[in-house]
Amino acid sequence: MTRVLLLLLLVAGCAGADKPFTPRQAERPTGQPVASTPRAEVITIDDQMSVSVEWPAGADTTMLRAFTDLYLDSWRSVFTGSQAYLELVEPPASGQAHEWVKSFGGAKVKGSARLYSLRVSAVVDDGAEVNACVDETGVRLLNRSGNVHSRQPGWTRTPYLQAVVLHKGQDGTWRVKDFRHDLKGCA
């Protein structure tokens, strides 16, 4: 019996090498427009803050919007306390997103942020990765007097690369499943 099992394992192992993983581009859902030229859109979060999104040319925005919608709704939550952003995430990202919003603790924020170099870097079945450069150097945390806080957060000092892992749910909605940040990759 042991010899038969070993022989089967040996034959299975010699059947050929596994093909290397190659990410594929996402298929564009029917009816989804693709921009032929890049465009910028300024979204007002509050009368104190806006976000400029630089949409790339030739890209389907379905997965890009999964990231940008979460980014925008997270900032809206900082201003309004709404938890609508939690519908756009699933664990473990839901905990990370909640902690980020909660970290403001009612502090005031003003200024502008910028999202650029948005791209879908990989798609595998119901998973994908979206990368974006985030520039929050124009965002200021204010103290209770309305002056710039003396301990300005480190994330506002230089643009950074944010990668999000997406998961497509059974309802067809792409949600953020995980976050990755890196100070390299964006200028």
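Biologist: In which strand does Ser52 lie?

Modeller: Ser52 lies in strand E2. The label is a DSSP one: strands are E runs of at least two residues, helices are H or I runs of at least four, and both are numbered from the N terminus. The model is predicted, so local features need pLDDT of at least 70 and side-chain atom pairs count only at pLDDT 80 or more, while totals for chains, interfaces and linings use all residues. Residues are numbered from 1 along each chain as its sequence is written, and side-chain values use heavy atoms, with hydrogens and water left out.

Biologist: How many helices and strands does the protein chain have?

Modeller: Three helices and six strands. Read from the N terminus, their order is α-β-β-α-α-β-β-β-β.

Biologist: What is Ser52 in contact with, leaving aside its neighbours within four places in sequence?

Modeller: Glu41, Val42, Ala113, Arg114 and Leu115. Contact means heavy atoms within 4.5 Å. For Leu115, the separation from Ser52 is 63 residues in sequence, with the C-alpha atoms 6.2 Å apart. Across the protein chain, take the contacts with a separation of 6 or more: 58% of them join residues 24 or more positions apart.

Biologist: Why does Ser77 count as buried?

Modeller: Buried means under 20% relative accessible area, exposed over 50%, and partly exposed in between (1.4 Å probe, protein chains only). Ser77 has 5% relative accessibility, so it counts as buried. Ser77 sits in helix H2. Beyond residues up to four places away in sequence, Ser77 touches Ser82, Tyr85 and Val101.

Biologist: What class does Asp69 fall in?

Modeller: Partly exposed, because its relative accessible area is 32%. Asp69 is also in helix H2. Asp69 and Tyr85 are 16 residues apart in sequence, and their C-alpha atoms are 8.0 Å apart. In the protein chain of 187 residues, buried residues make up 35%.

Biologist: What makes a set of residues a nonpolar core?

Modeller: The members are buried Ala, Val, Leu, Ile, Met, Phe, Trp, Tyr and Cys residues, joined through side-chain atoms within 4.5 Å. The largest such core here has 39 residues, and those with the most contacts inside it are Val51, Phe67, Trp75 and Leu166. H2 gives the largest share, nine residues. In soluble globular proteins, nonpolar side chains tend to be buried together.

Biologist: How do you know that Cys133 and Cys186 form a disulfide?

Modeller: A disulfide is a pair of cysteine sulfur atoms within 2.5 Å. The sulfur atoms of Cys133 and Cys186 are 2.0 Å apart, and a disulfide joins them. The pair links distant parts of the chain: Cys133 is in strand E4 and Cys186 in the segment after E6, 53 residues apart. The search of the whole structure finds one disulfide.

Biologist: Why is the disulfide called left-handed?

Modeller: The torsion about its S-S bond is about -85°, so it is left-handed. Cys133 has 2% relative accessibility, so it counts as buried. Cys186 is buried too, at 14% relative accessible area.

Biologist: What makes a set of grid points a pocket?

Modeller: The grid is 1 Å, laid over the protein atoms alone; a pocket is an open set with protein on both sides within 12 Å along at least five of seven lines, and lining residues have an atom within 4 Å of a point. Here the largest pocket holds about 360 Å³ of space. The volume is the space filled by probe spheres set on the points, which are joined across faces, edges and corners. Of its 15 lining residues, the closest to the centre are Trp100, Tyr160, Gln162, Phe179 and His181. H2 gives the most to the lining, with four residues.

Biologist: What is the peptide bond from Pro91 to Pro92?

Modeller: Cis, with omega near 0°. Pro92 is placed in the loop between H2 and H3.

Note on methods: 1 Å grid on protein atoms, 1.4 Å probe; cavity = no way out; pocket = protein on both sides within 12 Å on 5 of 7 lines; lining within 4 Å.
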